[in-house]
Amino acid sequence: MASLVLRDIVKKFDNTEVLHGLSLSVEDGEFVVFVGPSGCGKSTTLRLIAGLEETTSGEIEIEGRLVNHLEPKDRNIAMVFQNYAIYPHMTVRKNIGFGLRTSKLSKADKKARLEEVAATLDMTELLGRKPSQLSGGQRQRVAIGRAMVRDPAVFLFDEPLSNLDAQLRTQMRLEIKKLHQRVGNTIIFVTHDQVEAMTMADRIVIMKDGYIQQVGTPAEVYHKPANTFVAQFIGAPSMNMLSGEVAGGTVRLGSESEIETDLALEDGRPVLIGVRPEDLYPGGADILVWGQVTVREPLGPETLIYVGTEQGEVIAKADGRNPPEVGEQVKLSAQPESIHFFDTITGEALT
Amino acid sequence: MAATDSELRASSKTLLVARTPGKPANLEQIVRWLLLFAGGIMMVAPIAFMISTSLKWPHEIYNLALIPDEPHLENYTYVLEDGRFYAWFINSMIIATITTVSNVLFDSLVGYTLCKFRFPGRYIVFIAILSTLMIPTEMLVIPWYLMSQAFGWLDSYWGIMFPGLMTAFGTFLMKQFFETVPDDFIEAARIDGLNELQIWWTVAMPLVRPALAALAIFVFLGNWTAFIWPLIVTNSTEMYTLPVGLSSFSDEADVQWELIMTGAAISTIPTLIVFLIFQRFIIRGVVMAGLKG
């Protein structure tokens with residue numbers, strides 16, 4: 001059963017429309033990540049689901065129940081906020097128990113539930129502490145605990161990792177993913193970090209300017225981006241975009257290289273050719289572009305090279321042991337199957 | 001990281017050098033101490049003279065010596081045996097306590113509403129409240145009096161208290177403090193199923209406790225020492241507040257300074273207690289803010 005359905009959601013703030021008819025269905029137990037640049041409407045969508053904002057039009061269903069006009073507390077959701085929002089004047093026990101205040105459980109059941117959650121999050125011995133005595137990661141766990149204790153149909157996470165340092169973020173990412181595998185509730189997770197999205201999600205929803213750009217598994221959005229925005233947003237460094245022109249059964253790129261393609265397009269039509277840096281390498285037979293190495297970024301196993309070509313600067317991946325020198329002329333190749341084509345005007349993928 | 005022995009020894013040596021005994025303090029330090037000393041004297045002198053005068057006989061009160069020639073406690077016995085003093089003390093206590101509680105509750109409730117809710121006319125209400133700060137009390141005394149007369153509030157607790165049950169200053173102060181409470185806390189509580197009044201009381205109020213303590217001290221002191229309005233609105237001696245009552249120790253012919261000072265000395269005790277109770281919240285608030293992040 002779908003645990004969350006969004007149908008034609010429109011949201012206006014005063015006269016500015018920020019969401020333009022969003023539709024999405026989330027399966028029970030799914031981990032869905034909303035990702036996009038700031039201002040894309042992902043947090044607004046989350047707040048609409050939570051009931052902290054009202055939709056201008058459209059329907060929100062949670063577990064088959066229309067919740068548009070329900071208060072947040074009646075929607076069977078729980079939310080984890082970016083800056084944790086754990087109450088500094090309460091102990092961890094009180095903070096986690098806060099979510100149960102309004103529940104109808106007996107006192108003993110509440111206590112058992114609280115202890116169960118604390119054990120799941122491995123913070124039983126921290127229950128008596130105040131938030132000021134906790135580390136950033138522990139505070140985040142308290143916030144998650146407060147959400148978990150209510151066993152909601154849908155968990156909402158609003159950029160919960162962005163306040164943590166890089167190492168802790170990686171660790172919490174893993175913890176949240178493990179937690180999801182254990183408790184199995186539906187999770188809607190908002191982030192602007194595409195790495196978080198790729199590593200945690202069952203499905204990724206990529207948003208821009210209030211529109212959904214693509215919904216798909218991490219593999220789908222990586223290997224089959226729907227348009228240039230998705231192609232360049234997912235993956236780091238960004239996909240290289242080169243311009244070419246259809247000529248017969250091939251796409252002509254610059255003056256000398258051609259790419260075989262089975263796309264049925266009229267001759268002379270301009271197209272964009274997308275190649276990920278990790279698919280573009282010096283040497284090889286299927287030469288695409290060439291130029292002079294301007295900068296090298298050694299990453300250990302591989303080295304990123306920035307190459308000035310007649311199409312502008314492109315990024316390619318070279319072997320980490322003997323990368324080309326700065327100033328060296330290189331010819332860059334890519335396997336035909338790793339090349340993406342997009343419409344020059346709309347940016348849509350051509351298939 | 002633990003410092004090694006030699007490091008410790010070295011640092012203790014530099015500390016010793018920095019404050020070698022006998023080395024004359026520099027001019028800047030001397031000026032700083034003098035200024036602080038002068039400020040301290042200005043703060044303490046009136047209290048010292050109040051206590052000193054309360055221990056003097058009437059004939060020595062114009063002798064400005066800080067230590068009385070023949071210190072005695074007769075004035076205290078006299079004031080405390082005068083039944084009126086207790087009535088005034090209790091009047092002041094009741095009025096200052098009720099106004100303090102009322103201000104802490106209602107100023108923060110209105111401040112919270114103005115800060116955290118978006119409703120039409122919110123800005124106008126805020127400006128209207130703020131603009132009352134521009135009207136001096138002296139100008140309001142006559143309308144208040146006429147109002148009290150019309151409603152029959154003259155010479156009653158309610159009459160003394162009503163102008164101060166809520167203050168624009170307190171509302172403004174609380175609004176500003178609630179701005180520092182992140183909306184996430186309030187939204188989290190909303191999702192956790194609290195109603196708006198519960199959110200205010202259980203989540204927002206504890207987070208602004210230092211501000212509440214400061215407000216409580218201001219309001220209590222303000223009402224404890226209020227003079228003009230209680231003087232005007234009360235007629236009977238029994239309804240006097242302490243400052244009004246103490247001033248009645250003076251008449252046209254004679255001002256009994258030693259008695260006034262005795263009463264004043266006794267009346268500072270509750271304000272000291274209130275300050276001691278609430279100041280720890282202020283100090284703790286500062287510490288909490290320091291640890292955050």
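Me: How far apart do the C-alpha centres of domain 1 and domain 2 of chain B lie?

Reply: They lie 31 Å apart. Domain 1 covers 24-72 and domain 2 covers 83-291 of chain B, with bounds from an automatic or database domain assignment. This is a predicted model, in which local features need pLDDT of at least 70 and side-chain atom pairs count only at pLDDT 80 or more, while totals for chains, interfaces and linings use all residues. Residues are numbered from 1 along each chain as its sequence is written, and chains are lettered from A and ligands numbered from 1 in the order in which they are written.

Me: How many residues does each domain of chain B give to the contact?

Reply: Two residues are in contact if their C-beta atoms, placed from the backbone, lie within 7 Å. Here domain 1 of chain B gives 7 residues and domain 2 of chain B gives 6 residues. The domain 1 side has 4 nonpolar, 2 polar and 1 charged residues. Ala, Val, Leu, Ile, Met, Phe, Trp, Tyr, Cys and Pro count as nonpolar, Asp, Glu, Lys and Arg as charged, and the others, Gly among them, as polar.

Me: And which element gives the most to the side of chain B that touches chain A?

Reply: The contact takes 14 residues from chain B and 17 residues from chain A. On the chain B side, α9(B) gives the most, with 6 residues. Helices (H or I, at least four residues) and strands (E, at least two) are DSSP runs, numbered from the N terminus. The chain B side divides into 9 nonpolar, 1 polar and 4 charged residues.

Me: How should I read a helix pair?

Reply: Two packed helices are described by the angle between their axes and the distance between the axes. Axes are lines fitted to C-alpha atoms, for helices over the stretch in contact, with angles from 0 to 180 degrees between N-to-C directions. The axes of α8 (residues 168-178) and α11 (residues 209-224) of chain B come within 10 Å and cross at roughly 170°. α8(B) and α11(B) are therefore roughly antiparallel to each other (the cut-off is over 145 degrees). Their contact includes Leu173(B) of α8(B) and Leu215(B) of α11(B).

Me: Is Glu30(A) buried or exposed?

Reply: Glu30(A) counts as buried because it has 20 C-beta neighbours inside 10 Å; the cut-off for buried is 20 or more other C-beta atoms within 10 Å, and for exposed 12 or fewer. Glu30(A) is found in the loop between β2 and β3 of chain A, and touches Thr186(A), Asp202(A) and Arg203(A), not counting residues up to four places away in sequence.

How values were computed: Angles under 35 degrees count as roughly parallel, over 145 as roughly antiparallel, 65 to 115 as roughly perpendicular and the rest as oblique.
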